[in-house]
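Here's a quick briefing to read with the model open in your viewer.

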Amino acid sequence: ADADDTEFTRAPVITVMGHVDHGKTSLLDAIRSANVAEGEAGGITQHIGAYSVMVPNSDNPDVPRRVVFLDTPGHEAFTMMRARGAKATDIVILVVAADDGVMPQTIEAVEHSKAAGVPIIVAINKIDKPGANVDNVKNGLAGLGLQPTEWGGETEMVEVSAKQRKNLDTLLETVLLQADILDLKASPTRRASGVVLEAKLDKGRGAVATALVQQGTLRVGDPFIVGQFSGKIRAMFSDRGTAVTEAEPSTPVEILGLQGVPQAGDTFQVVADVERAQDIAQQRQMHARQAAMLKTTKRGIESLGMAEIKELLVILKADVQGSVEVLKGTLEKLSTEKVKVRVIRAGVGAIAESDVLLA
């Protein structure tokens, strides 16, 4: 930061987490009054979406405040993406269904949030359903270390109904209050930097990334580096699909102009010129290739002790059953204190693709 660099209050970035089918997208849908859930496969979110929402400001009703929501997948298959979503966020809204209680992915979401050091606000959803039991939910969350404020703890818990749009104002007020406590600031004058939320290869547009600007102002034409790739921003689109020329801190945008598809969670940084960006990208690609070569050259049994491998899984195929039994016994005797050798599948004949995946 330069000496004349000034920081201003920025919009908070909120990640919505929770178990599958507990109503995360429905809650976000009710807040931003646009239907997302119907467009998802089976009503389950398949990707990270980022949305800017204007919410009422109790301090100054004439000037609404902007809040950015990240809607992360709640399905078990996307645990890694949810972890990356937590790292880009300021506050987590943990959605728990009042009729279902604490579930495995609820526990995962709490662990991700705590690991990232992010404050949690609990939204107890579906309170309008017949089997709703709010006290049961609070007991379950207390067991995870989230004590409600009315029980003398520090976790705000708001009872809401996404379908009936009940208590949504209270939830948003709680979010704004938490954001004021955190005193979130960013400088719009620096070179822009941020994080990639998702990236894909589009047939017509090439590599496209959804990015969240965290510092500085991102402008069309800026050269930048992201992961192992460089690029120059050819176009930017807001979360509503409209073309924009610049994006200030805490703004999610879709950017075009990348040389390749980065990983979700990669950081991007605007640099002085295109040549500088290309130099950095080439260096990073060279380091990645060297690391990959080191991994492939050390694949013998002798190298296992050098690597941090606790267990070697073996799939054994032979021409006759007798050979299988002999080899299995011999392999299992190779176990040492450092590495345990375990035969997970043994048999005669061809090896299925599923067996290779197992190993």
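Start at methionine 103, which touches His19 and His22 once residues up to four places away in sequence are set aside; contact here means heavy atoms within 4.5 Å. Keep in mind that this is a predicted model, where local features need pLDDT of at least 70, side-chain atom pairs count only at pLDDT 80 or more, and totals for chains, interfaces and linings use all residues. Residues are numbered from 1 along each chain as its sequence is written, and side-chain values use heavy atoms, with hydrogens and water left out.

**Around methionine 103**

- Methionine 103 sits in the loop between strand 5 and helix 3 (104-115); helices (H or I, at least four residues) and strands (E, at least two) are DSSP runs, numbered from the N terminus.
- Is methionine 103 buried, partly exposed or exposed? Its relative accessibility is 25%, so it counts as partly exposed, given that buried means under 20% relative accessible area, exposed over 50%, and partly exposed in between (1.4 Å probe, protein chains only).
- Between the C-alpha atoms of methionine 103 and glycine 140 there are 9.2 Å, with the two residues 37 apart along the chain.

**Confidence**

- The protein averages a pLDDT of 77, and 82% of its residues reach 70 or more; pLDDT is the predictor's confidence in each residue, from 0 to 100.
- Residues 42-46 stay under 50 in pLDDT, and the model gives them 12 contacts beyond four places in sequence.
- Residues 74-78 are also below 50, and this stretch has 15 contacts in the model beyond near neighbours in sequence.

**The nonpolar core**

- The largest nonpolar core holds 26 residues, and Ile14, Leu27, Phe69, Ile93, Val160 and Leu171 are the ones touching the most other members. Such a core is a set of buried Ala, Val, Leu, Ile, Met, Phe, Trp, Tyr and Cys residues joined through side-chain atoms within 4.5 Å.
- At least two residues of this core come from each of several elements, including strand 2 (13-18), strand 3 (49-55), strand 4 (65-71), strand 5 (91-97) and helix 5 (168-182).
- Helix 5 is the top contributor to this core, with 6 residues.
- Helix 1 is mostly covered, with 8 of its 9 residues buried.
- The buried residues of helix 1 include Lys24, Asp29 and Arg32 as well as Leu27, Leu28 and Ile31.

**Salt bridges**

- Side chains of opposite charge can pair when their charged atoms come close.
- The count is 8 salt bridges, where a salt bridge is a side-chain nitrogen of Lys or Arg within 4 Å of a carboxyl oxygen of Asp or Glu.
- Arginine 65 and aspartate 180 pair up this way at 2.9 Å, N to O. The pair joins distant parts of the chain, since arginine 65 is in strand 4 and aspartate 180 in helix 5, 115 residues apart. Aspartate 180 itself is partly exposed at 41% relative accessible area.
- Arginine 205 bridges to aspartate 202, with 3.8 Å between the closest N and O atoms. Arginine 205 is partly exposed at 27% relative accessibility, and aspartate 202 is partly exposed at 25%.
- Lys138, Glu150 and Glu159 are linked in a network of salt bridges.

**Strand 12 and its partners**

- From strand 12 (residues 223-226), Pro223 and Ile225 point one way while Phe224 and Val226 point the other way, and all are buried.
- Strand 12 pairs antiparallel with strand 13 (residues 229-237) over 4 bridges; two strands pair if DSSP finds at least two bridges between them.

**Serine 238**

- Serine 238 lies in the loop between strand 13 and strand 14 (243-244), and it is buried at 18% relative accessible area.
- Beyond neighbours within four places in sequence, serine 238 is in contact with Val244 and Pro252.
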